[in-house]
2 protein chains.
Amino acid sequence: LGVGELVFVGLGLNDEKDLSIKGLEAVRSAESVFVELYTSLMGGFSLERLEKMCGRKVAVLSRHNLEEEEGDILLEKASKGRVVLMVPGDPFISTTHVNLRLKAVRKGLKIRVIHGASILSAVIGLTGLQNYKFGRSVTIPFVDSAYLPESPYRVIQENRASGLHTLCFLDVRADEGRYMCVNEAIEILFRIEQEYGAGVVTPDTLAVGVARAGSEKPVLKAEYIEELKDYDFGPPPQTLIFPGRLHFMEAEALIVFAGAPENIRRLVG
Amino acid sequence: LGVGELVFVGLGLNDEKDLSIKGLEAVRSAESVFVELYTSLMGGFSLERLEKMCGRKVAVLSRHNLEEEEGDILLEKASKGRVVLMVPGDPFISTTHVNLRLKAVRKGLKIRVIHGASILSAVIGLTGLQNYKFGRSVTIPFVDSAYLPESPYRVIQENRASGLHTLCFLDVRADEGRYMCVNEAIEILFRIEQEYGAGVVTPDTLAVGVARAGSEKPVLKAEYIEELKDYDFGPPPQTLIFPGRLHFMEAEALIVFAGAPENIRRLVG
């Protein structure tokens, strides 16, 4: 009867209060409310507090529910009324949900998207680096075997050759409770450096770590890798940036906001 | 006495209800509340409704206040108590605010950032294109003289040569009430194409226009430029994307979410 509606609501970065007023209203007026919490870690989030704030029961969907069972629970409910699926950050930055949305549209469901704050713009903004100077971004994956992935290393190399910054997302394996930290990402990149030897990630490479963007006290540190590799960022989630050529204002921002050494001004050009 | 605090709050994309619960609480507990509305257009925004929702008077700061007067009103207030500055989207994607934050930190003020939804992640998410396949983004500027800017054209060209997508922000001149639309951006790019002739933006180039991301009914249309140049997207704000090489899932997303012609599947590779 075409009454089905699936509303994707972005939860934002850190805790339940990052939800927008619009998102809250959508949750309150929905017939069923679901959330997935496996695509990103929200460091200050509590399901109980979310339920209390919304005045609604919220069912948690696992990767198994959304990928292996292809969201059948959700799509079945959404074919009969208005269903909300809350997701960390901004919807569809995770490809999982693109697939679900394709399936929903093909079933004739109405789709609405209520956006939330994303790690993508948040870490760019926090560091003061300029949005249009970022090249493509990349994920540093956990390395559990002898195989070392070459592509993140090459992306940093290519961006730098064009004077561009690289935003590195760090791997998340929520089902194993593993969230990669900056120190571990650097160690993996060092191993790749030893394999390929192009001088992309060396002790005197400047990098910027960001931990817990969106929390009350995010930690930012810009340093040469030699020092940064042992810096204590505290708990995840964390992100790593390799700056390319710096604008004058970007160097000032890294010094003032992220405690970078003053001599990074030599990278301005 | 170090009690000064400046809180940057992102308003999100479309209207006052895109504000987060956390942002709302920060506004309610602030001594003074300011907003700037000139860096982006929020199509459904009303200052009166914002003030009513927050239960607070909100003073509007102009570009003149924040740039020529260097935010002096704001920084003066913030040196004595907690001040909130609300900005469209996510803070610091506009470089104006980076400068203000630098000045505030140097004055010894405490800074806090409450993030909002950004056009950056929103348009990527809405189209279903994959975040890590975007190269650097670029702004298409208004062209009021004989001088045609070459750099946006070259950015699209370089990204495409690497198989990457290009996100084009369209120029905003809020003080003149001018917000560039997709049709006008294409016309400007055609003129640049005629000047440089590298075949970057031709009638059979695929592009994706997005209008009013974050509103209840955003408009998405993927088409060859020949058709897209006359497509009616309605009012601004608008954004334009030039896709590079498409993943199978990206082509499906453009067909299903943005009404792309079925033959874009030939671009998968």
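Reply: **Where chain B touches chain A**

Across the interface of chain B and chain A, the rule finds eight salt bridges. A salt bridge here is a side-chain nitrogen of Lys or Arg within 4 Å of a carboxyl oxygen of Asp or Glu. This is a predicted model, in which local features need pLDDT of at least 70 and side-chain atom pairs count only at pLDDT 80 or more, while totals for chains, interfaces and linings use all residues. Residues are numbered from 1 along each chain as its sequence is written, chains are lettered from A and ligands numbered from 1 in the order in which they are written, and side-chain values use heavy atoms, with hydrogens and water left out.

The extent of the interface can be given in two ways. By contact (heavy atoms within 4.5 Å), 52 residues of chain B meet 52 residues of chain A. By buried area, the accessible area (1.4 Å probe) that two parts lose on being put together, summed over both, the value is about 4600 Å², and carbon and sulfur atoms give 62% of it. In chain B, the residues that lose the most area to chain A are B:I21, B:K22 and B:H115, together 13% of what that side buries.

B:K22 also takes part in a salt bridge: its side chain meets that of A:D15, at 2.8 Å from N to O. Side chains of opposite charge can pair when their charged atoms come close. A network of salt bridges links A:R106, B:E252, B:E262 and B:R265.

On the chain B side, the elements that give two or more residues are α1 (21-28), α5 (95-106), β5 (110-114), α6 (119-127) and α10 (248-258). Of these, α5(B) gives the most, with seven residues. The residues on this side divide into 25 nonpolar, 15 polar and 12 charged. In that division, Ala, Val, Leu, Ile, Met, Phe, Trp, Tyr, Cys and Pro count as nonpolar, Asp, Glu, Lys and Arg as charged, and the others, Gly among them, as polar. Helices (H or I, at least four residues) and strands (E, at least two) are DSSP runs, numbered from the N terminus.

For context, the structure holds 42 salt bridges over all chains. One of them joins A:K133 and A:E250, whose closest N and O atoms are 2.6 Å apart. This pair links distant parts of the chain, 117 residues apart: A:K133 lies in the loop between α6 (119-127) and β6 (138-140) of chain A, and A:E250 in helix α10 (residues 248-258) of chain A. A:K133 counts as buried because its relative accessibility is 12%, and A:E250 is buried at 0%. Buried means under 20% relative accessible area, exposed over 50%, and partly exposed in between (1.4 Å probe, protein chains only).

Within chain B, B:E226 forms a salt bridge with B:K229, with the closest N and O atoms 3.9 Å apart. B:E226 is partly exposed at 38% relative accessibility, and B:K229 is partly exposed at 28%.
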